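Keep the structure open while you read.

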Amino acid sequence: MLIIAQKKSASTSLLKTLERVTKTLGIPHFSLSSGLTTINKMDWSQREAVFQKLDSKDIDIIRSFHPDKNSPNKSIPKEVLLYAIETNNFIKHYHLDPIPEHIEIIQQAKVPCVLTSREPLEAHKSFMKIPNIRQEYAQENLDNVTEYHDVWKKISDQNTDKIHRVTFDQLMLGSEQIIKDICKLWGLDIKDSNIILEQPDKLK
């Protein structure tokens with residue numbers, strides 16, 4: 001089960017809420033952070049070598065599998081991305097690049113993804129509140145946020161059967177029904193009557 005996450009779109013809140021709610025169904029969840037420190041310090045070739053030796057079900061590697069800036073290949077391996085989308089024993093959120101390779105895999109998947117998005121200017125303002133963010137990169141960040149938002153929105157509009165788009169405002173205003181709809185989309189029957197969205201630090 002995969003959440004495609006625009007930065008500052010409340011994707012972490014959604015992830016934590018879904019993890020808490022679905023645990024009532026007895027669904028096991030992998031740690032979001034264990035085993036990542038060493039991998040995150042590796043360069044691209046080292047990560048790739050480690051990855052090739054791992055079972056594709058090792059979800060910890062998926063979370064840290066961000067291609068190095070100097071890597072010629074920016075895509076997630078097909079078997080990994082398909083597993084992340086289709087398996088029902090974990091929920092994963094990822095700042096997935098909207099490149100053709102990823103779109104093709106999403107279109108082939110048997111289970112829809114969820115996309116969290118937020119108006120670019122609002123997401124940018126929130127991002128720039130992070131301590132130690134260098135202001136000279138403000139325009140570059142706004143451009144990147146806008147492009148990411150616009151491209152994924154267009155893709156989701158063209159693939160409504162494969163990508164379920166949820167906005168920041170929808171999560172803030174009606175999270176209970178949104179979360180139930182997502183669980184239904186994934187074939188999960190949630191009976192909780194009072195679902196409250198988790199509020200991680202610096203949400204706004």
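This is a predicted model. Start with helix H1, residues 11-22, and helix H9, residues 168-185. The two pack at an angle of about 50°, and their axes lie 11 Å apart. The crossing of H1 past H9 is right-handed.

Which residues make this contact? On the H1 side they are Leu-14, Thr-17, Leu-18 and Thr-22. Their partners in H9 are Leu-171, Ile-179, Ile-182 and Cys-183. By class, the contact of H1 with H9 has six nonpolar residues, two polar ones and no charged ones.

Helix H7 covers residues 120-127. The axes of H7 and H8 come within 9 Å and cross at roughly 135°. That angle makes H7 oblique to H8. H7 passes H8 in a right-handed crossing. From H7, the contact uses Pro-120, Leu-121, Ala-123, His-124 and Phe-127. From H8 come Ala-138, Asn-141, Leu-142, Val-145, Thr-146, His-149 and Asp-150. The residues of the contact of H7 with H8 divide into seven nonpolar, four polar and one charged.

Now step back to the whole chain. The protein chain holds nine helices and four strands. From the N terminus on, their order is β-α-α-α-α-α-β-α-β-α-α-β-α. Of the 204 residues, 45% are buried. Take the contacts with a separation of 6 or more: residues 24 or more positions apart account for 73% of them.

Next comes the core. In soluble globular proteins, nonpolar side chains tend to be buried together. The largest nonpolar core here has 41 residues. Within this core, Ile-4, Leu-18, Leu-96, Trp-152 and Trp-186 touch the most other members. Strands E1 (2-5), E3 (113-117) and E4 (163-167) each give two or more residues to the core. So do helices H1, H5 (78-86), H6 (100-108), H8 (138-158) and H9. The largest share, six residues, comes from H9. Leu-18 of H1 also takes part in the contact with H9.

Look closely at Trp-186. Leave out residues up to four places away in sequence. Trp-186 then touches Met-1, Leu-2, Ile-3, Leu-18, Ile-91, Val-111, Pro-112 and Val-114.

Return to H9 for Ser-175, which is found in this helix. Is Ser-175 buried or exposed? Its relative accessibility is 13%, so Ser-175 counts as buried. Leaving aside neighbours within four places in sequence, Ser-175 is in contact with Gln-170, Ile-195 and Leu-197. The C-alpha atoms of Ser-175 and Ile-196 are separated by 7.1 Å, although the two residues are 21 apart along the chain.

Finish at the loop between E1 and H1. Most residues other than glycine have a negative phi, and most peptide bonds are trans. Lys-8 sits in this loop, and its phi is near 65°, a positive value. What is the relative accessible area of Lys-8? The value is 22%, so Lys-8 is partly exposed. Ala-10 has a relative accessibility of 6%, and therefore counts as buried.

Note on methods
Residues numbered from 1 in each chain as written. Predicted model: local features only at pLDDT ≥ 70, side-chain atom pairs only at ≥ 80, totals over all residues. Heavy atoms only, no water. Axes fitted to C-alpha atoms, helices over the stretch in contact; angles between N-to-C directions. Left-handed = near helix turned anticlockwise from the far one by under 90°. Contact = heavy atoms within 4.5 Å. Nonpolar A, V, L, I, M, F, W, Y, C, P; charged D, E, K, R; others polar. Core = buried A, V, L, I, M, F, W, Y, C linked by side-chain atoms within 4.5 Å. Buried < 20%, exposed > 50% of the residue type's maximum accessible area, 1.4 Å probe, protein only. Parallel < 35°, antiparallel > 145°, perpendicular 65-115°, else oblique.
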